[in-house]
Each structure stands twice: as C-alpha cells, then as structure tokens.
Amino acid sequence: MLLVLEGHSSQRDVIAGARDALPPSVQIFASHREQRPEITGLADVAWTEPSDNTVRVDWVIDKALSNSIEVVLAGKFGQLYEAHRGRFEANGIRLVTGCISLEVLQIVEDKGRFTAAALAGGLNCIPGVPVTSSEQLVAVYHDLVLQGPVCVKPVAGVYGQGFWRLSENTDPFRCFANASACEANLRVFADTYAQAKTPTPLLLMPYLSGSECSIDMVCEAGDVIAYVGRRKQGYYQTFEREGRAVDLAIRAATHFKCDGLVNVQTRDDGEGIPHLLEINPRYSGGIGYTREVGVNLPGIFASRRLSLPEPISQWKMGVRVKPINVAISLDGRC
C-alpha cells in the first residue's frame, strides 16, 4: 500500500500515474490539509491531514500502521518527516523524502548551501553569494555585474517566488507595472529590502541567458532509475532524454544521493553550456507531462518501492505539450 502525502503541486498527477501502474489490489491512500477532492479523489482512500505540525508525524505513522501502508511519499513537510526517519523505519514503514538524511535535505533546500556544496563536488553550478542586508546586496551586485546581468532569489522557496533580475537601468516602476517580467530596479529593490522588519536571506548570482531544462527523475539512494528532461519552447514544452543538461542532472542527483521523485533544474549560458540551478527533493509541477512522452515516472516509483513489476517505458519522439485549465465537478469522485 502507498500513501501520498500533501505536496507542493501535482499530487493528483502522482496519484494518477501510480494508479495506472499498480494492480487494483494495491490500494493508494492520499491526504491533504484541506478538502481538495479534485486532488485526492483519484486515490482509493483520502484523508484530511492535521494542520498542527506537532502531531503530524504521529498521525502519519498511525494511519500507516492501521492500514498496512508500506511506503509513505512525503511532499511539503519533508524535513519534518526526515527528522523522524528512525520512527518510520522502526515501524516497518519506508519513508521517501527526496534524500536519505536530514543533513543533505537541509543542504539542497537552502540554495546558498546547495550552491557551495555543488561547486565543492565538482558540479557545474551557477555561483551565488548570500546576502542579508541592503548594503551587502548593493556591494555584491556591483561585483557581479562586471561579469554580466545579475539576478536574485530567496535562499529557500518554491514556485520561483522571489526571483528578480536586477539592473540599475530598469524603470523604477517596472516591478509594479509588470511584476510577471521579474525585472526590478536595483535601488528600488535595495531600498525596499532595507525596510523589511525581518529581511529574507537572499542569493545573488549571475543571470544566464540560455534556456532552462527541468529534469524529473526517479532515484533510489543516488541511483537514477528513470528520467525525463523538459524544456520550455515558447508556449510549449519539449522533452529530452540525453544531452549535457540531462547528464549534469544525473551527476547532481547521484552526488547528493537523491531518493524518490525529484526534480533537477539547469540553465544554459550564452554558449549553450548547462549550469546547475537547484535540486527540488520532491516531484515537480510538470511531472504529469512526462507521461505524454511514454514514461510514467510516478508509476515506476510506486511499483519499484512496492517490489512490483514496473510499467514499460516507450519513448515517443517529437512530442510537445501545453497545459490547459479544465473544469471538473467536485461532486463525488474526481
């Protein structure tokens, strides 16, 4: 039996992929803190998670033991669960958080520490400089801008929130008039940052002009089992299973001993050379798209963890996808 806990995104896609790969006799359980039947409705059994994190681990272990659940796939609260891995293992429950230790999980989820660790490990990574004050931010910017465009992002975060390209020449009002452009005037950004009651630690780094590649993969303690690279091309996404970006992602997942459904992001420089951006120790928002190319990553993950035959992958060439919004009824099962 498999329990898929609340994730940052695409929990429904993970449940759907696992359901298609597993025999009907294997139940899939899903949970979320909110009433989200459009997400959990594809599972055989759905629960509402406690909102109080102090009882979360006890709740998950109790549910697993009461329902003969063998594998628990964490999502949003990976560090919380990882800190109690020993309790899960003592009860015969296989916990999957994206990494196999709390120390490594904390490193990959802190972009500053991750950048330093990746560079120390010989991985081609975009160098970043942590800052915690407006004065530091301006000083580091002036050092980095000598090499080219500069960007900034929080040392911890998801969904790309807090990412901005900085420039002294950007219209001061642009970040308000067109926030989706993610461009901010250096002085406006620095002045606003200086007024924060509790400044969020930031990471300044060179901004590379090439395209991004998002590599979704199934990993087992650093062993990369299956993977699919996605690259945005205008309104669409295309897929790749080889190349320098994919090779770099595999090396990174192996180096950090990733474990579970994880996502590695790279970005090309002006010469098309990929650089490591980050490792997300959880499934990505686009993991469901990979099934369109003939690779069911959630299904491969679930079947292998439950020691069952994994679905056969049949790579489809020339596939493009574009996500669209679809309305569904929330009455009954979704």
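Predicted model: local features only at pLDDT ≥ 70, side-chain atom pairs only at ≥ 80, totals over all residues.
Residues are numbered from 1 along each chain as its sequence is written, and side-chain values use heavy atoms, with hydrogens and water left out.

Glu6 and Arg33 bring their closest N and O atoms to 2.8 Å apart. Glu6 sits in the loop between β1 (2-4) and α1, and Arg33 in the loop between β2 (28-32) and α2, so this pair ties together parts 27 residues apart in sequence. Helices here are DSSP runs of H or I with at least four residues, and strands are runs of E with at least two, numbered from the N terminus. Are the two partners buried or exposed? Glu6 is buried at 3% relative accessibility, whereas Arg33 is partly exposed at 31%; buried means under 20% relative accessible area, exposed over 50%, and partly exposed in between, with a 1.4 Å probe and protein chains only.

Across the whole structure, the search finds 22 salt bridges. One of them joins Glu109 and Arg282, at 3.5 Å from N to O. Glu109 is in the loop between α6 (102-108) and α7 (111-120), and Arg282 in the loop between β15 (274-280) and α12 (297-305), so here the parts tied together are 173 residues apart in sequence. Glu109 is partly exposed at 26%, and Arg282 is buried at 12%.

Now, the second largest pocket. Its volume is about 770 Å³, that is, the space filled by probe spheres set on grid points joined across faces, edges and corners. A pocket is an open set of points on a 1 Å grid over the protein atoms alone, where a 1.4 Å probe fits, with protein on both sides within 12 Å along at least five of seven lines; lining residues have an atom within 4 Å of a point. Which of the 26 lining residues are closest to the centre? They are Arg12, Asp13, Tyr289, Ile324 and Val326. The largest share of the lining, four residues, comes from α1.

Last stop: Ile328, which lies in the segment after β16 (320-321) and is partly exposed at 43%. Thanks, everyone!

Technical notes:
Salt bridge = Lys/Arg side-chain N within 4 Å of Asp/Glu carboxyl O.
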